[in-house]
Amino acid sequence: MRLMVFPRSFIACDLETSGLDASSDEIIEVGLVRVEDGQVTETLQTLVTPTRPLTLRIKLLTGLEDTDFAGQPGWAGVRESVLRFIGNDPLIGHNISFDAEFLTVHGGYRDGVCYDTCDLARIILPELPNYRLESVCLALDVDYPVQHRALEDALAAAGAYLALYERARVLDPTLLANLATLLGRHSALWFPVFNSALKEAAGVFGASRIGTGRSEDDWAVPPGREARPDEVWELGIEDILGRSGALARLLEAYEFRPQQLQMAQSVLKAFDEQGILMAEAGTGTGKSFAYLVPGLLWAMKQGERVVVSTHTVNLQEQLIAKDIPVLREVLPAFRASLLKGRSNYLCLRRWHAAVSEGAFEGSEALFLARTMVWLHSTQTGDRSELGVKPDEWRVWDSVSAISDGCAGNGCRYVKNCFVNRSRRKAEQSNVVITNHSLLLSDLKTENRLLPVYGALVIDEAHHLEDVATEQLGRTVSGYDFTRWTEMIRKLANKIDRLAPELRQPLLEVEKQVTPGAADLFKALAEAGRVLSGSGEGLHLRLEPGAANLALEADISGLAQRLHDAGGEACERLDRVGMLLSDRILPGTDDELLLTFEFLGKTGRKLLGDLSFILAADHPNYVCWLEPKIRDQDDCLLRAAPIEVGELLYSGLFEGSRPVVLTSATLTADRSFAYFGSRTGIVHVPPDAVQTVQVGSPFVYREQARLFTVNDLPSPAGGSEEAYLAGVSRGIEELAAAAGGRTLVLFTAHRVLKLVYYRLKPVFEDLGIDLLGHGIDGGRARLLETFRVSEKAVLFGASSFWEGVDIPGEALSCLIIVKLPFQPPNQPVTLARRELLREQGKSDFNLLSLPQAVLRFKQGFGRLIRTASDYGVAVVLDDRVTTKRYGIQFLRSLPVPWETASLSAVVVRLSKFLRENDEKGTSADKAQ
Ligand code: SF4
């Protein structure tokens, strides 16, 4: 056997398989590449005939057909040559654990060392938006002409690995030395790579630049455009947004939108009059410019600051990275910055402590290695640049800049602190972009988080009530206690060298708390199951003192035991911390003392939340138990305020500061009453409140059709079997007529799954790829697959009703299965309904119905995303026409509706899409 000199000699591997499960699926293609001293010297590629036909998904992904396997060997005829080719050499591949598992299960690989190019790319290129092989190759300029075929993927992985190694060689040698030390201590796997790179390093040793960021400050006003006090801010709205305004002159594709101009004028009026404006703006209005432009004109003239708050990160990114740079081109100089909550930023002190203490595992070491590279380039320390994966959250939490872990001015890194930097920028900015969570935390902390501001814009305002409910709520689980006790254990081990006699007392209390928490939360989860059944997402409302749970287990006894143990742990943390502070020299081991303080605070908060929720007798709060889907022995205990309107009023709307609230969905049945009542605007004197509704610039009458089907079983009453059969038939016929290209919105995951499994084989026969949320992957991955598929149907629930933006033909048909009334198992909704009934009001008319109408509008909004889009929406729920309230749903949409039988709707849908497809084809040809 040859001696492979890693890291330049290895076997690159990729497999195509018939599915994702190594124990039940098969290998259908093998690609192996031998690399010696950086050169490809041999390859092996073979198709492997599977014992079962390929699924449509695999055919679409690989381009392989069942006929391609004629005359190809089965796995038994391939296995030996694969084993021989790999031998004992190091194996490299992208997400190699997947391939290695398949090979091992099928006897084509004997245990060896595997190097994942995805992991290496995450370390060396920490800021890539994703780590798919094509993205990594693109970033490294590695050829990757054919995707999802074994040999091409293996060659690309080999090229990517070699290019990554070259990138490592030119890293700052101090950084390389630190990486080699970190990985050498904790992840022997990658040590040879960084150690070799260090030996061959091309750079020059210098002082570490960790935490000092890039030299270029992209926040600053562009050179040559420094702000001058006398600069003219006398421009009017039309000068910028008008038909021949500055934006029209700047942007070739600029479309003048009267609706945008109308909204911008209303916003400026609200600012000038110091009033509250509720502005509903249809899809495509361009509402971000409609508030940014008047906001800036007003702020610069008044010498004030405007805060813009959004719900989603996407919108924040769009404002700061797209819209504001465009406005910089047409407006006099101004400053804008993005400010997020503390947990979004890395804390340099906690990070240095984590790296030097070294009490972490291999995967944590990889994450810290990534952050080490990233810290040499990041200017913000914002975790969004890193794309933290779910399994990295835990490590991120241990190095994030949460306030309880901050040493304040006593911190030795305070000068470069990312939180302080982002605050300083915000304090010097004319516009600050933030999110609803931080805006509401700012209220809770009496305005200590945001800089003083003169006006506020709340975009995506339909989320304001939910975010306020979440922010003012409390949550605790057994997992929270486990994490706390793990940190106590680590701390106990850490003090061994300073005060060995203090280690044991800490370990003892930790030993009491861990089983105490496990017993309590297991009993709670079990009692919750007994009392509420096993239905989807059932939440069990707690009676005062959790009396209903007490019927099933000795909850108060178990809670008391945990309280006693937890209280004792907190006291010992205090005592041991005090004893240590007497022994250590000032300036040394400060981190240790801060950790004692931090863990004491964390424990007291956990115990406080536990007592608060189990007491369950607080005015204006509802408390409940929520099962954990992936852990039967744990559950979440939660509490949330029933009403948040008064708090929002006193914190945001009382006084004379102008506030603009905007969204595409603020009105139900053409009225702002529901939104105003839920958010407390109803308490503002009416003469200070203005409203404006601007329609969408899209020509919905031409671009869209809306049908309701009248001959399918109703969701209200009747047998579930008949209902599911009817819904399945409706979806099948409509999606087949549309040729896939269909998004189906469900209100419950359970029904989504039942219909999915009925239709999967049917669509497979039709050559349509069916994608189910929670079955075929997460939201982002499914949306991406759907976007690029020619014939796909996507089933989505909850999160798919908004934020899905798929312009073009990929989404030409939208099916709304059921009207989106909130399910009856949500304790907060139930409590709100009860409160309205106690006040003698109609909870259906004032809460359930408008809430559902807004959701319905959001769902419909997925269909038409641009002026050239076209599509058909179909509502399968007959209540929209048979119930009196149904008209409110239909009237809320910008397109007239027709009601017909399923077969008639199918005919009209086909005709409408065919005509528009043809128009599109002729337009393409004419170009
Ligand atoms: S000032 Fe606080 S948040 Fe900033 S680096 Fe120091 S400890 Fe971390």
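P332 is found in the loop between α13 (313–330) and β8 (336–338), where helices (H or I, at least four residues) and strands (E, at least two) are DSSP runs numbered from the N terminus. At 10% relative accessibility, P332 counts as buried; here buried denotes under 20% relative accessible area, exposed over 50%, and partly exposed the range in between, with a 1.4 Å probe and protein chains only. The C-alpha atoms of P332 and S135 are separated by 38 Å, the two residues being 197 residues apart along the chain. The model is a predicted one, in which local features need pLDDT of at least 70 and side-chain atom pairs count only at pLDDT 80 or more, whereas totals for chains, interfaces and linings use all residues. Residues are numbered from 1 along each chain as its sequence is written, and side-chain values use heavy atoms, with hydrogens and water left out.

The domain assignment, whose bounds come from an automatic or database source, gives domain 1 (10–169), domain 2 (170–208), domain 3 (257–335 + 429–472 + 658–697), domain 4 (342–416), domain 5 (477–641) and domain 6 (700–926). The centres of domain 1 and domain 2, taken over C-alpha atoms, lie 28 Å apart. Between these two domains, 14 residues of domain 1 are in contact with 14 residues of domain 2, contact being defined as heavy atoms within 4.5 Å.

A nonpolar core is taken as a set of buried Ala, Val, Leu, Ile, Met, Phe, Trp, Tyr and Cys residues joined through side-chain atoms within 4.5 Å. The largest such core has 99 residues, and those with the most contacts inside it are F194, L346, I458, L652, F653 and L661. Helix α6 gives the most to this core, contributing 11 residues. When residues up to four places away in sequence are not counted, L652 touches L439, L443, Y453, L456, I458, L464, R657 and V659. Another core, of 51 residues, lies apart from the largest one and includes A527, A559, L573 and L580.

A search of the whole structure finds 51 salt bridges, each defined as a side-chain nitrogen of Lys or Arg within 4 Å of a carboxyl oxygen of Asp or Glu. One of them joins E166 and R8, whose closest N and O atoms are 3.3 Å apart. This pair links distant parts of the chain, since E166 belongs to helix α6 (residues 150–169) and R8 to the segment before β1 (10–17), 158 residues apart. Both partners are partly exposed, E166 at 33% relative accessibility and R8 at 23%. A further salt bridge forms between R149 and E29 (2.9 Å, N to O); R149 lies in the loop between α5 (133–140) and α6 and E29 in strand β2 (residues 27–36), so parts that are 120 residues apart in sequence are tied together. E29 is buried, at 1% relative accessibility.

R678 and E643 also meet in a salt bridge (3.3 Å, N to O). Because R678 lies in helix α26 (residues 673–679) and E643 in the loop between β14 (635–641) and α25 (645–653), the pair ties together parts that are 35 residues apart in sequence. R678 is buried, with a relative accessible area of 6%, whereas E643 is partly exposed at 28%. These two residues belong to a network of salt bridges that links E465, E643, R678 and R832.

The ligand is surrounded by R342, C347, L348, R349, A401, C406, A407, G408, C411 and C417, a residue being assigned to this shell if one of its heavy atoms lies within 4 Å of the molecule. By class, the shell has seven nonpolar, one polar and two charged residues, where Ala, Val, Leu, Ile, Met, Phe, Trp, Tyr, Cys and Pro count as nonpolar, Asp, Glu, Lys and Arg as charged, and the others, Gly among them, as polar.
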